[in-house]
Amino acid sequence: MDSATDLLPALPGQRLQRGVARGLRALGFACVEEMVLATGLRVDIMALGPKGELWVVECKSCRDDFRTDRKWQGYLDYCDRFFWAVDADFPADLLPEGTGLILADAYDAEILRMAPETPLAGARRKAMTQAFARHAALRLQALRDPMGAAGEGRL
């Protein structure tokens, strides 16, 4: 490997996150991982599209990971489209109809089923876009100055 950026994340879900972020970046989206919503729920990936659209992607690394997830419906009010991201070995027939499906690995992703669009209300869109920007900026600031972020609490 040529650099630290070539290292694969340790956990299967993190590898999916990386591949999804790469795949969505190719479509013009900016992604942040582990974004906490106003409800306190944390989404795996929040993606902001070139036209201001907001997508949530939940990465599932195995059947048990999906079956124990009881919070995904709480994400639906915070995005225009909701997707599951899984690898090629995941039994995709377990995933609910009416949701999007992304096939991913650590290197890339492909949308297999487009999620239905449920546009956010203007006030919610503004709040979510601002939260996205703040999360991304704080994440960048923490990378540049890890000690400075220590007193700011969690991202």
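Visitor: What should I know about the model before I start?
Guide: Residues are numbered from 1 along each chain as its sequence is written, and side-chain values use heavy atoms, leaving out hydrogens and water. Since the model is predicted, local features need pLDDT of at least 70, side-chain atom pairs count only at pLDDT 80 or more, and totals for chains, interfaces and linings use all residues.

Visitor: How many disulfides does the structure hold?
Guide: A disulfide is a covalent bond between the sulfur atoms of two cysteines. The cut-off here is a pair of cysteine sulfur atoms within 2.5 Å, and the structure holds zero. For Cys 62, the nearest cysteine sulfur belongs to Cys 59, 13 Å away.

Visitor: Is Cys 79 buried or exposed?
Guide: Buried, at 2% relative accessibility. Buried means under 20% relative accessible area, exposed over 50%, and partly exposed in between, using a 1.4 Å probe and protein chains only. Cys 62, at 34%, is partly exposed.

Visitor: How do I read Phe 82 and Trp 84?
Guide: A pair of aromatic rings is described by the distance of the centres and the angle of the planes. Rings of Phe, Tyr and Trp (its six-membered ring) pair if their centres lie within 6.5 Å; planes under 30 degrees apart are stacked, over 60 edge-to-face, the rest tilted. Phe 82 and Trp 84 are edge-to-face, 5.1 Å centre to centre with 90 degrees between the planes. Phe 82 is buried at 4%, and Trp 84 is buried at 0%.

Visitor: What does Arg 63 contact, leaving aside its neighbours within four places in sequence?
Guide: With contact meaning heavy atoms within 4.5 Å, Arg 63 touches Phe 90, Pro 91 and Leu 94.
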